[in-house]
Amino acid sequence: LEPAPPRDPEAFVGELTRHQGRLRGFIRCLLLRPAAVEDVLQETNLLLWRKAGEFAPGTDFWAWASTVARFQVLTHLKAAKR
């Protein structure tokens, strides 16, 4: 996946930083194994950065980031099943 640079990197990093605790809590609620939370959070952060160019500044960052996180949790659970 070719990263799409954020339109405003400083604003993007600010939003990502501001929502880290909330993202961690959201992922924690979806996973049974606490040990997996940090891994999934890091995978989510990496994917959010790769997709940063898709985020439209001025829209709801939390809605976008939590959707990405939910799909990362599902990917993790699917992989853990195997």
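F55 and F61 are both buried, where buried means under 20% relative accessible area, exposed means over 50%, and partly exposed covers the range in between (1.4 Å probe, protein chains only). W64 is buried as well, like F55. The model is predicted: local features need pLDDT of at least 70, side-chain atom pairs count only at pLDDT 80 or more, and totals for chains, interfaces and linings use all residues. Residues are numbered from 1 along each chain as its sequence is written, and side-chain values use heavy atoms, with hydrogens and water left out.

A search of the whole structure gives 7 aromatic pairs. Rings of Phe, Tyr and Trp (its six-membered ring) pair if their centres lie within 6.5 Å; planes under 30 degrees apart count as stacked, over 60 as edge-to-face and the rest as tilted. One of the pairs joins F55 to F61 in an edge-to-face arrangement, with 5.2 Å centre to centre and 80° between the planes. The F55 and W64 rings also have centres 5.2 Å apart, but their planes meet at 40°, so this pair is tilted. F55, F61 and W64 belong to one aromatic cluster together with F12 and W49.

The next topic is charge pairing. The structure holds 3 salt bridges, a salt bridge being a side-chain nitrogen of Lys or Arg within 4 Å of a carboxyl oxygen of Asp or Glu. One of them joins R18 to E15, with 3.0 Å from N to O. These two residues are 3 apart in helix α1 (residues 9-18), so about one helical turn separates them. Helices here are DSSP runs (H or I, at least four residues), as are strands (E, at least two), and they are numbered from the N terminus. R18 counts as exposed because its relative accessibility is 59%, whereas E15, at 24%, counts as partly exposed.

E38 and R24 form another salt bridge, and their closest N and O atoms are 2.7 Å apart. Because E38 lies in helix α3 (residues 34-50) and R24 in helix α2 (residues 20-30), the pair ties together parts that are 14 residues apart in sequence. Both residues count as partly exposed, E38 at 37% relative accessibility and R24 at 25%. A further bridge links E54 with K51, the closest N and O atoms being 3.8 Å apart; K51 is partly exposed at 23% relative accessibility.

Helix α2 also contains Q20. This residue is buried, with a relative accessible area of 17%. Leaving aside residues up to four places away in sequence, Q20 touches L41 and N45, contact meaning heavy atoms within 4.5 Å.

L74 lies in helix α4 (residues 61-81) and counts as partly exposed at 46% relative accessibility. F71 has R70 over its face, at 5.0 Å from the ring centre. A charge sits over a ring if NZ of Lys or CZ of Arg is within 6 Å of the ring centre and within 35 degrees of the ring normal.
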